[in-house]
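Subject: Handing over a structure

Dear colleague,

I am passing on the structure below, and I would be grateful if you could look it over before reading my notes.

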Amino acid sequence: MTSEYLRKQLNDLVEKYGGTRKAADAIKSKFGSAPTHSAIYKAMNGAGTSDFVLSCYIKALEEHVEGIQKMGRIISVANQKGGVGKTTVLINAGLYMASLGKKILFLDIDPQNNLVISLSPELANDPEFKKGSHPAHNINMFEWDGDSPFTPIPYEISENIHIIGTSKLSGNVTQNSIYNLADSLDLIKEQYDYIFIDSPPSAGTLQHAALSIADALIIVSQPQKLSVKGVDDLMSTVRQVQRRMNPDLRILGIVINQVKRPSSKTQAIHVELLKEKYGELVFSENLYDTVRVTESMAEGKSLIEYSPKHAKDFGFFSFTDEFVSRLEKEVKHG
Ligand SMILES: Nc1ncnc2c1ncn2[C@@H]1O[C@H](COP(=O)(O)OP(=O)(O)OP(=O)(O)O)[C@@H](O)[C@H]1O
Ligand SMILES: [Mg+2]
């Protein structure tokens, strides 16, 4: 391997990390001591660093990236208010990541099972699934016999889009079964780049499960009083979960959905209220109200696939772009 090739590899990795300082921290976590910021800069630019040292930097950074990716990226969606667009946003974000070539698992834990009905009606109608005995039904993840966790077999919608569904049978979940779900998911999570969890519109145990297992949370709100209150209530639940159960949970952002065009005065007031209260947590572009969204969901498609023109006009392209850049930032900053 030539020095030039090694330098190029190092440059790419440092860029991925968001700079020499972050790269130095990652190298320190492997070797116990960090090169200076300027030593890395010199190594990237070819000023007298040996190939051996270059290779050590590269190895440390690669292992660190691998470690981060192995953590799995589990994204939950929530708002305890019903009908605000949680399932819609999750489907659009997940299918977009799949279109970028990522391997996606959708995990539905909302007993209404709208995610399964929309993405995979054939699974929802499967007689074994209806009885709860299908290996892609999550009831088996919540309650397993014996000492070893149940290994789910997700249903393949396509090569890189898999799903684990649910139904009313999984409605009564105890705190203990959340741990079972997490243990069961651990057995398969490394097969996926991203796991998207849809949760029910209530502040019960299932929402706790979604928050306890996730690395990142998308909050969906409509610009109206009750749904904004849903965000406020959810924020206190999130802080509690971060303190008690899942300190790694990060809020990816708050998406304001179903804004009318032109927006009414009340809607505009609530959009402003959310922005004032939650600042940069709020996605910069809203999602607008269009009947095409419901049509696309009925066909199990994202709006981008179903009608790119409407996706552009109604904010779905800006949303997915911002979603990806927020996710990448999350990975870079750990
Ligand atoms: N931007 C939008 N424009 C028009 N309709 C939308 C939009 N977003 C969601 N909808 C529609 O609103 C309804 C509720 O959306 P969705 O099921 O995603 O909400 P939810 O928060 O998941 O509901 P629940 O709390 O019951 O799980 C659906 O019929 C969906 O198609
Ligand atoms: Mg839903």
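Predicted model: local features only at pLDDT ≥ 70, side-chain atom pairs only at ≥ 80, totals over all residues.

Residues are numbered from 1 along each chain as its sequence is written, and chains are lettered from A and ligands numbered from 1 in the order in which they are written.

The domain assignment, which comes from an automatic or database source, gives domain 1 (3-66) and domain 2 (71-332); their centres, taken over C-alpha atoms, are 36 Å apart.

An open sheet of 7 strands runs in the order β3-β4-β2-β5-β1-β6-β7, with mixed pairing. Here helices (H or I, at least four residues) and strands (E, at least two) are DSSP runs numbered from the N terminus, and two strands pair if DSSP finds at least two bridges between them. β3 (155-158) and β7 (250-256) each have a single partner strand and stand at the edges, so one side of each lacks a neighbour in the sheet.

Strand β1 (residues 73-78) runs parallel to β6 (residues 216-221), joined by 4 bridges, and pairs in the parallel sense with β5 over 5 bridges. Val77 stands opposite Ile218 in β6 and opposite Asp198 in β5. Since 6 of the 6 residues of β1 are buried (20 or more other C-beta atoms within 10 Å of a residue's own, with C-beta atoms placed from the backbone), the strand is largely enclosed by the rest of the structure. Arg73, Ile75 and Val77 point one way from β1, whereas Ile74, Ser76 and Ala78 point the other way.

Helix α11 (residues 205-213) is also worth a look. 7 of its 9 residues are buried, so α11 is largely enclosed by the rest of the structure; among them are Leu206, His208 and Ile213. The buried residues of α11 pack against β1, α10 (175-186), β5, β6 and α12 (225-244), contact being counted when C-beta atoms, placed from the backbone, lie within 7 Å.

Finally, 19 residues surround ligand 1, the closest being Gly82, Thr87, Thr88, Pro201 and Thr294, where a residue is counted if its C-beta atom, placed from the backbone, lies within 6 Å of the molecule. The elements giving two or more residues to this shell are α5 (86-99) and α14 (291-298).

With kind regards

Notes
Buried ≥ 20, exposed ≤ 12 C-beta atoms within 10 Å, placed from the backbone. Contact = placed C-beta atoms within 7 Å.
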